[in-house]
Amino acid sequence: MKLHPILAALRKHKAGTVLIALQIALTLAIVCNAIFIIGQRIQRVNRATGLDESNLFFVSQQWVGAPSADTPDGVEKLDAMQREDLAALRNLPGVASVAPINSLPLLNSSWTGSVSLKSGAEIGDKTGTRTAYYFTDEQVFPTLGLKLVAGRAFNAGDVQHQGFRENRDRPVAIITRALADKLYPKGGAVGKVMYSDGSSAPTTIVGVVTRMQIPSSGSFGSDFAWNSTLIPTRLDANFARYAVRTRPGQLDAVMHAVTPLLYKVNPLRVLDDDSVRPFSDIRARAYRADVGMAVLMGVICLILIAVTAAGIVGLTSFWVGQRHRQIGVRRALGARKIDILHYFQIENGLIAGVGAVIGVILALGLNAWLMTHYEMTRMPVLYVLVGVIAVLVLGQAAVFVPARRASNVSPVSATRAA
Amino acid sequence: MFAYYLELALRSLKRSPGLTALMVLAIGFGVAASMTSWSVFRAVSGDPIPWKSAQLFVPQIDMWGPNGRNADGSPPNAMDYTDAVALMRDHRAKLQSAMYQISPSVVPADAGKHPLNVSGHAVYGEFFPMLDVPFEFGSGWSTSDDTNRAQVAVIGSKLNQKLFGGANSVGRSVNIEGRDYRVVGVLDHWNPQPRFYDVVNSGGFATDADDVFLPFQTAIQANISNDGNTNCNAVPKESGFVGLQHSACAWIAFMAELDDAAAVQAYRNYLDGYARDQQQAGRFAWAPNNRLLDVPAWLNNQHVVPSDTKVSLLVALGLLLVCLVNTVGLLLAKFLRRSSEIGVRRALGAPRAAIYTQFLTEAGIVGAAGGVLGLVLTGAGVASVGWVLPKDIAALARLDVSLLALTLLVAVVATMLAGLYPTYRASRVQPAWQLKSN
């Protein structure tokens, strides 16, 4: 089949041709970028926190009329209250282990600072590495399910306690592999020292864990998302937070028992609907916006593709109707059904091809524009290539029905008036 | 004549129901997607205090120097205690208030009820008149209450409902963090979004309204510590909340009312003079580097509108554009199919203007039908944003008369614009050629 008659016919339908090509180009540009956004969000949501997230829940509560955490006496009283809670929780049937901890990955409530190999460096100093701190005790490993790659876990002798706003030396710490690699790129961080938050007292790294995300899931923490530091210290304040691991299948039962239990230990405290949350809930809330954006982009893509396909069907049907007689003449002159079918398929392929070329330029342009104005990264060429193939297939699928109808035009119609 | 065109249009649309349905569906979905994302964008980018936002300013003071500045050279977005209190003492604006976020516990008088946790702010008395805060009962407190560190409180309508059953509680006492405060005012459902007076701690939007306000110095004295962000360039030298007050950590928001350009300039000069004094006193080792932004500029500077919202709006508008291109194509097909009819009309003496009116009427009807479908879909879209967007933002998207009117208007106007080119082509049909070819 020669292209010449097709091109000649298209020249007669400039407007329709341009419109279909334009529609395909815009669809390609938007769908590529939308799917890229969806891919990015899915990747973000699927990041592992480094925790064993099942059978884990979090308790966040506040005491009323508690002693001040700013006096040594008050700190001791608060610590006694916290230890009382911990003991009660650990004795609860169905509980596997409990650790006091100031935050959890994805909780978006964080204590961040910086660690450095230099003593007494300022926090803003460029030699430091940003990190988020988890203040906890020796039960943190079984409770969160962290995996140690080197060194040792905390033992009961490591654990200190301090007032929430007190500055206390931090003799030992466990850090994530990501942070260890930053501080000691050649490895062997265990046993070495670092200085945290500009302190001049050394902190010995006693262990390294494979992975533990920082509490912040947003753009604020994206530069140091895996740089966590664990400090074996119970923080004493007018509030306390606990991570609780239950035995398999007992999560709901234990969660229901926690509120009455803590009120029994000490009724003067605030425990509301948000105080006891399973980790799955923390995860869902942290990524709600990302999941939402992915769903939204998905819906828009579907509508776009449907509209474009429908547009192609509509316009091609019109052309088939318009050329009814010409098709009849061609058939009368010996063209087979398959020739007519091919004619429309090739015609659509040509238009979609031109549209796809323009669409590639638009897609890359849109991506570049989004990169300069919003937090967006460069789209891999693969997305565009897949997009091109997709619109070509879409065009062929959409044109098939009207093209089939065209191929069924009987040669007799050549002799009839239109 | 219009009624005749209407009838013609309806007849023509009925003749090809498939094509008509296709156009109506495309416009309906395109408009609904755009309007749904517009409703979210409108909600988050709105001016929370339109009558006054240009007179409310947020000052920034550079207390950290070159190492602590943001990438654009601007100083931290909150103040330390020293500067906030100094600005309050100097009192150079018409009205002003330093403020910090608190989250104290409140013990209900009813012994059977558990204590509850409420969020709020510690502010100066001028906060209420400055922000035109509406009161259901009572009012804010006086300047002398500020200086005397009076045990007074303003509570929100929700807390008033919980503690006092919604009755006028002015003069009653409320137990906050173990101390009794006298209620002087009850707010009348005040929850501006974005929370412009403390963007840094709310991130712009907050699901729950602030339910308790205490005098700033009273809260400091009662050791009610801050609940929001604390940013430090160095670890405080002293421990405790007092240590935080003596440190250069940033944790206090500030807002000042400046009514005209002269007042703004005077306040700028004052801030620079203040920073120079600090430089001379040896506290700052750098030249003054202050900022003074009004509320709209501040909201923009703090990126209150989530970029996701903007990208969604953009993509939805792209979808509408594709739907319109689609409509141009389909209308073109539809109109040109009737070339012979147009030829007859023209040959019988109809001017081009008549052809324009006839076909634009038809486009308008398609647009109106698409608009009605768009209304339904927009309604469904706005109702379901709660499924996909964070709660604090989804709650703001509302369906109101102006949104519905806009939906219909956009659908009709856009479709008629899309109909312009096909109509132009229809009006160019040569009557003689059409008559001959049949």
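Biologist: How many Å separate the centres of domain 1 and domain 2 of chain A?

Modeller: This is a predicted model, where local features need pLDDT of at least 70, side-chain atom pairs count only at pLDDT 80 or more, and totals for chains, interfaces and linings use all residues. Residues are numbered from 1 along each chain as its sequence is written, with chains lettered from A and ligands numbered from 1 in the order in which they are written. Domain 1 of chain A takes in 4–45 + 289–417, and domain 2 covers 65–267, bounds that come from an automatic or database domain assignment. Taken over C-alpha atoms, their centres are separated by 56 Å.

Biologist: How many charged residues does the contact of H2(A) with H11(A) have?

Modeller: Contact means C-beta atoms, placed from the backbone, within 7 Å. H2(A) brings residues including Ile24(A), Leu28(A) and Val31(A), and H11(A) brings Val384(A) and Gly387(A), among others. By class there are 10 nonpolar and three polar residues, and the number of charged ones (Asp, Glu, Lys and Arg) is: no charged residues.

Biologist: And in chain B, how far apart do the C-alpha centres of domain 1 and domain 2 lie?

Modeller: There, domain 1 is 2–47 + 306–437 and domain 2 is 62–257. The C-alpha centres of these two domains of chain B lie apart by 50 Å.

Definitions and conventions: Two residues are in contact if their C-beta atoms, placed from the backbone, lie within 7 Å. Helices (H or I, at least four residues) and strands (E, at least two) are DSSP runs, numbered from the N terminus.
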